[in-house]
Amino acid sequence: MSQYGRAAVPPAAGSMVVFVGVAVAGAFIVAQGLASASFTYTMGAVAALILFALAFVRTDFGIYVVIFSMLLSPQFGNKGAGVGAGRGITFRTEDFVLLVIGFSWLAKTAVNKELNLIARTPLNWPILVYVATTLAATLLGSLTGTINSWSGYFHVLKYVEYFVIYYMAVNNLRDREHGWRLVGAAFITAAIVSVIGLAQVPSGERVSAPFEGEIGEPNTFGGYLLFMMAIAAGIAFETENTRRRAQCLILLGVMAVPFFFTLSRASYLGLIPAILVIARFSTRRRLVVGLILLGLVTSPVLIFVAPKSVKDRVTYTFKEEKGSDTVRVGKVAFDPSTSARLLSFKSALAGFVQRPIFGWGVTGFGFMDAQYARVLAETGIVGLAAFLWLMWAVGRHALDVYATRGDPDERGLVLGFLAGFAGLLVHAFGSNTFIIVRIMEPFWLITGIVMMIPGLEAKERAAAAAAAQFTLTAPKKERSGVRR
């Protein structure tokens with residue numbers, strides 16, 4: 001039996017010993033906490049112990065908690081110093097949820113030796129090399145004085161957190177139906193945050209995800225919605241299930257409104273490759289191309305009826321502001337925000353020339369809101385090569401999975417993933433897309449599901465073949481017994 005089948009087996013005696021031990025330790029901690037610590041910390045410890053116990057008995061529960069906490073958990077810490085900023089640390093509730101569930105999984109694998117800590121997947125080596133490269137670059141930065149605090153290591157730990165989600169998915173998927181339940185939970189989360197986003201539209205402010213603190217992050221929310229919209233669109237185009245298509249189209253419409261009101265130009269640009277990927281690989285190519293042509297023909301009307309805030313945001317790209325750094329291409333001048341992103345590439349190249357091999361270390365070069373420039377400056381040519389290898393591996397293996405899909409729903413899921421991935425690659429030119437927690441957590445969850453689809457299908461076929469073989473051989477044994 002594979003590791004996925006074993007994951008569903010009830011806990012053995014060793015597991016119960018660990019469970020009882022955690023319960024006793026939890027009772028002791030609660031008793032001590034009520035006597036000496038604050039009520040808030042005590043309740044936090046109680047919640048952590050309960051989550052540990054539930055995830056230990058049934059890992060599925062922990063995964064669902066993580067999925068819903070991805071966009072629905074508050075953050076705390078230094079707001080101006082999030083992962084995107086490069087200095088200070090911002091924590092979210094799911095950081096601690098993942099920590100608790102991670103320890104629970106370690107305890108479970110320690111008790112049950114048959115469970116693998118890390119499953120074999122096509123992305124293992126690219127992930128390992130990327131993590132090792134960022135860690136080595138940060139260590140060198142600390143030794144050479146470009147990093148003067150522990151923040152760089154905490155940021156590397158945050159990067160590892162995303163891969164924990166990936167391995168949580170691949171280690172615990174039991175069958176393809178299980179994968180669809182996780183996708184459904186991700187869609188429910190997207191629907192909830194989209195409705196919250198819709199409620200923000202009348203305020204006139206840029207729409208952002210809930211629980212962002214005092215200052216929202218519309219660009220982050222735009223990237224997240226871009227990815228989830230692509231997945232919904234891929235399934236809607238490929239599925240032959242009318243009910244599922246209707247559900248995906250409704251969800252797509254609900255997400256589209258807050259998406260445009262994020263006023264995120266990087267997200268708008270990401271729509272272009274996402275649409276082109278669907279048009280290139282969809283089995284309903286004529287329909288997709290027809291819709292694209294219809295959109296181009298009606299674009300003047302769409303521009304006329306588009307909300308004023310959206311039109312102003314797009315046209316603002318080409319408005320120069322006096323007194324600010326401005327980038328010009330010929331006679332075209334860009335606004336301060338766009339200019340800053342373009343200048344970050346120039347700054348990254350200057351930093352790369354000074355430290356070309358391993359760069360300045362994570363958080364060692366200052367803030368740049370552009371993924372590729374930041375990777376080059378912080379981890380040098382080695383880090384950029386590792387990052388690009390990881391991106392290439394994700395795309396290549398997802399294409400391989402898509403090429404072998406016969407099930408329309410699965411084909412739609414993989415197509416949507418490919419489209420969303422292409423959109424995020426473009427989104428990363430104007431944002432630190434691949435290190436933003438609220439984009440990367442759902443991204444790596446879906447990546448894990450996509451990568452495991454062929455293995456789960458092979459497992460189901462093997463089980464069906466074994467059942468058929470048993471059916472064929474059983475009557476022969478019975479007849480043999482009668483002759484005796």
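1. A residue counts as buried here when its relative accessible area is under 20%. Keep that cut-off in mind for helix H4, where the buried residues are Thr59, Asp60, Gly62, Ile63, Val66, Ile67, Ser69, Met70 and Leu71. One more thing before going on: what you are looking at is a predicted model.

2. Now the overall picture. The protein has 18 helices and four strands. Of its 484 residues, 48% are buried. If you take the contacts with a separation of 6 or more, 72% of them join residues 24 or more positions apart.

3. Back to H4, this time for its length. The helix has 14 residues, and from its first C-alpha to its last it reaches 20 Å, close to the 20 Å expected at 1.5 Å a residue.

4. Next, look at how H4 (residues 59-72) sits against helix H8 (residues 176-200): their axes come within 9 Å and cross at roughly 25 degrees. Angles under 35 degrees count as roughly parallel, so H4 is roughly parallel to H8. As for handedness, this crossing is right-handed.

5. Who makes that contact? On the H4 side you'll find Asp60, Ile63, Tyr64, Ile67, Phe68, Leu71 and Leu72. H8 brings His178, Arg181, Leu182, Ala185, Ala186, Ile188, Thr189, Ile192, Val193 and Ile196. Sorted by class, the residues where H4 meets H8 come out as 13 nonpolar, two polar and two charged.

6. Ile63 is worth a click of its own. This residue lies in helix H4, and its relative accessibility is 4%, so Ile63 counts as buried. Leaving aside residues up to four places away in sequence, Ile63 touches Ile101, Met168, Asn172 and Leu182.

7. On to helix H6 (residues 124-144) and helix H7 (residues 151-172), which pack at an angle of about 170 degrees with their axes 9 Å apart. An angle over 145 degrees counts as roughly antiparallel, so that is the label for H6 relative to H7. H6 contributes Asn124, Ile127, Tyr130, Val131, Thr134, Leu135, Thr138, Leu139 and Ser142 to the contact. From H7 come Gly152, Tyr153, Val156, Tyr159, Val160, Phe163, Tyr166 and Tyr167. The tally for H6 with H7 is 12 nonpolar, five polar and no charged residues.

8. How many of the 22 residues of H7 are buried? The count is 17, so this helix is mostly covered. The length of H7 checks out as well: its 22 residues should span 32 Å at 1.5 Å a residue, and the end C-alpha atoms are 32 Å apart, which agrees.

9. Last pair: helix H9 (residues 218-238) and helix H11 (residues 265-281) have axes 9 Å apart and pack at an angle of about 20 degrees. That angle makes H9 roughly parallel to H11, and the crossing of H9 and H11 is right-handed. The H9 residues in the contact are Asn219, Gly222, Gly223, Leu226, Ala230, Ala233, Gly234 and Phe237. Their partners on H11 are Ala266, Ser267, Gly270, Leu271 and Ile278. By class, the contact of H9 with H11 has seven nonpolar, six polar and no charged residues.

Technical notes. Residues are numbered from 1 along each chain as its sequence is written. This is a predicted model: local features need pLDDT of at least 70, side-chain atom pairs count only at pLDDT 80 or more; totals for chains, interfaces and linings use all residues. Side-chain values use heavy atoms; hydrogens and water are left out. Axes are lines fitted to C-alpha atoms, for helices over the stretch in contact, and angles run from 0 to 180 degrees between N-to-C directions. Helices (H or I, at least four residues) and strands (E, at least two) are DSSP runs, numbered from the N terminus. Angles under 35 degrees count as roughly parallel, over 145 as roughly antiparallel, 65 to 115 as roughly perpendicular and the rest as oblique. A crossing is left-handed if the near helix is turned anticlockwise from the far one by less than a right angle, and right-handed if clockwise. Contact means heavy atoms within 4.5 Å. Ala, Val, Leu, Ile, Met, Phe, Trp, Tyr, Cys and Pro count as nonpolar, Asp, Glu, Lys and Arg as charged, and the others, Gly among them, as polar. The expected span of a helix is 1.5 Å times one less than its number of residues. Buried means under 20% relative accessible area, exposed over 50%, partly exposed in between (1.4 Å probe, protein chains only).
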